Amino acid sequence: MYLVFLGAPGAGKGTQAVAVSKQLGLTHLASGDLFRQAQTRGDELGRQVKSYIEKGLLVPDEITIKMIQEHLERFNPEQSFILDGFPRTLEQARALDKMLSQRQKAIDRAVYIEVSPDELTTRLTGRLTCRRCQAPYHRVNSPPRVQGRCDKCGGELYTRPDDAAETIKKRIEVYLEQTAPLMDYYRKAGKLLSVNGSQDIEKVTGDIVAALAVSPGRPRPTQPTEARVKSR
Ligand code: AP5
Ligand code: MG
Ligand code: ZN
């Protein structure tokens with residue numbers, strides 16, 4: 001199963017990708033995490049992307065597509081994965097389809113995590129991120145068991161520099177302009193699955209897993225459907 005997770009900054013893509021990949025045994029690949037790791041290493045890629053991320057802008061397609069392509073080439077084609085934060089532009093979505101079709105593969109589902117704009121800001125201003133494994137926490141909604149330490153790896157928790165109020169505003173604007181059109185791209189392909197992301201974290205995970213279970217494999221192109229998971 002090949003999945004992409006779509007949603008605004010703070011919608012819970014990372015939180016859900018971690019939980020769903022654990023439950024279903026998938027590999028989680030997050031473009032933002034890969035960029036932050038490159039910055040921590042201080043390598044060429046890290047230097048190239050720093051100024052874009054700091055300003056809340058998208059990293060140019062050319063750099064982003066190349067990075068994802070290099071990672072996907074290392075994957076065994078039978079390995080299932082969740083892409084979190086990629087694609088984020090139409091050009092990236094088309095490039096991804098091309099990369100996969102060269103291996104006779106395709107994205108099965110695009111999971112859109114839907115959250116109201118007001119809630120996004122509350123989530124991002126309260127977020128804490130693990131410096132080592134990048135797991136996301138929230139001061140109120142999802143605190144770590146030990147203050148300042150990651151439950152999963154013991155790493156130090158920090159506030160991402162792009163979680164400053166002004167940068168959050170910019171990131172949401174960029175999302176609406178450049179990434180939201182992707183919804184149509186996957187809807188037209190009959191692959192879009194919308195989930196109500198404004199529920200408890202565990203409830204959202206359950207809804208995603210249940211929706212994937214009732215719609216396994218690739219949907220038939222003659223029946224474009226947008227499965228919507230309602231809160232029960
Ligand atoms: P990236 O790291 O992908 O950031 P983002 O898309 O802005 O998304 P976030 O990671 O901020 O949010 P999320 O949806 O993962 O939410 P999370 O689960 O953490 O990208 C960073 C930057 O890298 C970009 O701005 C860009 O510059 C660059 N970049 C990355 N990919 C790129 C690409 N493809 N092309 C070009 N540039 C790219 O949750 C947020 C908070 O809410 C957490 O505190 C969490 O605990 C809490 N929370 C989660 N779910 C719930 C819930 N159900 N209820 C209550 N709280 C919740
Ligand atoms: Mg994330
Ligand atoms: Zn960690």
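First, how I name elements: helices (H or I, at least four residues) and strands (E, at least two) are DSSP runs, numbered from the N terminus. Gln104, for instance, sits in the loop between H5 and S4.

Some housekeeping. This is a predicted model, where local features need pLDDT of at least 70 and side-chain atom pairs count only at pLDDT 80 or more, while totals for chains, interfaces and linings use all residues. Residues are numbered from 1 along each chain as its sequence is written, chains are lettered from A and ligands numbered from 1 in the order in which they are written, and side-chain values use heavy atoms, with hydrogens and water left out.

Okay, the metal. Which residues hold the zinc ion (ligand 3)? Cys130, Cys133, Cys150 and Cys153 coordinate that zinc ion, each through SG, at 2.3 to 2.4 Å. Donors here are N, O and S atoms within 2.8 Å of the metal (3.2 Å for Na, K and Ca), and since water is not among the atoms, sites may look incomplete. The angles subtended by the 4 donor atoms run from 97 to 116°, so the arrangement is tetrahedral. For four donors, that label requires all angles to lie between 85 and 135 degrees. Along the sequence, the spacing of the donor residues reads C-x2-C-x16-C-x2-C.

Cys133 is partly exposed at 34%, whereas Cys150 is buried at 5%.

On to ligand 1. It has 36 residues around it, and the closest are Thr15, Leu57, Arg88, Arg127 and Arg171; a residue gets counted if one of its heavy atoms lies within 4 Å. Which helix gives the most to that shell? That's H2, with 4 residues. Helix H1 (13-24), helix H2 (31-41), helix H6 (117-125) and S6 each supply at least two.

Now its polar contacts, meaning pairs of N or O atoms within 3.5 Å; within protein, one must be able to donate a hydrogen and the other to accept it, and residues adjacent in sequence count only if both atoms are side-chain atoms. An oxygen of ligand 1 is 2.6 Å from a polar backbone atom of Leu57. A backbone N or O of Lys13 is 2.8 Å from a ligand oxygen, and for a polar side-chain atom of Arg36 the distance is 2.9 Å. Taken alone, ligand 1 exposes 1000 Å², and the protein buries 96% of that. Those areas come from the Shrake-Rupley method with a 1.4 Å probe; for residues, only the protein chains shown count as cover.

Most residues other than glycine have a negative phi, and most peptide bonds are trans. Back to Gln104: its phi is positive, near 55°, and the residue is exposed at 69%. Gln134 has a positive phi too, near 75°, but Gln134 is buried at 9%, in the loop between S5 and S6. And the bond from Phe86 to Pro87 is cis, with omega near 0°; Pro87 is in the loop between strand S3 (81-84) and H5.

Notes:
Tetrahedral: all angles 85-135°; square planar, octahedral: opposite > 155°, others 65-115°. Buried < 20%, exposed > 50% of the residue type's maximum accessible area, 1.4 Å probe, protein only.
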